[in-house]
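Please have the sequence and the coordinates open while reading.

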Amino acid sequence: MAEVSFKGKNFEVDEDGFLLRFEEWSPEWVEFVKESEGIAEITEDHQKILDFLQDYYKKNGIAPMVRILSKNTGFKLKQVYELFPSGPGKGACKMAGLPKPTGCV
């Protein structure tokens, strides 16, 4: 286990930098991941994806498959990659505070 400190908050992360505990997610975590992902600003489109990922995870205990993400948010995969350059699994799920996805996200 590693620990990340950012703006006075400490976060326990796995070896890939994903939060170990979803309940530790906070706006500071979003800022930390945003900087590491090279995202200048969180837009409404970013937030729509993050909200969907978190809601889906709370209900199902896993990250949604990419086609479910696209269908429910209205974003094509290309658009998701434009918003989250490292992809829906690494960038979006990480920023949303989800554990590292094991399947096709």
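Which residues have the most contacts inside the largest nonpolar core? The model is predicted, and in it these residues are I49, L53, F84, M95 and L98.

## Nonpolar core

The largest nonpolar core has 29 residues. At least two residues of this core come from each of the strands β1 (2–6) and β2 (9–13) and from each of the helices α1 (27–37), α2 (44–60), α3 (66–73), α4 (77–83) and α5 (87–96). Helix α2 gives the most, with six residues. In soluble globular proteins, nonpolar side chains tend to be buried together.

L98 is among the core residues with the most contacts. With neighbours within four places in sequence left aside, L98 is in contact with F18, F22, L53, Q54, Y57, A63 and C93. Of these partners, L53 also belongs to the group with the most contacts inside the core.

## Aromatic pairs

How many aromatic pairs does the structure hold? There are five. One of them joins F22 and Y57, with 5.0 Å from centre to centre and 50° between the planes, a tilted arrangement. The pair links distant parts of the chain: F22 sits in the loop between β2 and α1, Y57 sits in helix α2, and 35 residues separate them. F22 has a relative accessibility of 18% and therefore counts as buried, the cut-off being under 20%. Y57, with a relative accessible area of 18%, is buried because it falls under that cut-off of 20%.

A tilted pair is also formed by F52 and Y56: the ring centres are 5.8 Å apart and the planes are at 40°. Both residues are in helix α2, four residues apart, so about one helical turn separates them. F52 and Y56 are both buried.

## Aromatic cluster and a charge over a ring

F6, F11, W29 and F32 form one aromatic cluster.

K94 lies over the face of F18, at 5.5 Å from the ring centre.

## Backbone at K7

Where does K7 lie? K7 is in the loop between β1 and β2. The phi angle of K7 is near 50°, which is a positive value in a residue other than glycine.

Is K7 buried or exposed? K7 has a relative accessibility of 58%, over the 50% cut-off, and so counts as exposed.

Methods
Residues numbered from 1 in each chain as written. Predicted model: local features only at pLDDT ≥ 70, side-chain atom pairs only at ≥ 80, totals over all residues. Heavy atoms only, no water. Core = buried A, V, L, I, M, F, W, Y, C linked by side-chain atoms within 4.5 Å. Buried < 20%, exposed > 50% of the residue type's maximum accessible area, 1.4 Å probe, protein only. Contact = heavy atoms within 4.5 Å. Phe/Tyr/Trp six-rings, centres within 6.5 Å; stacked < 30°, edge-to-face > 60°. Lys NZ or Arg CZ within 6 Å of the ring centre and 35° of its normal.
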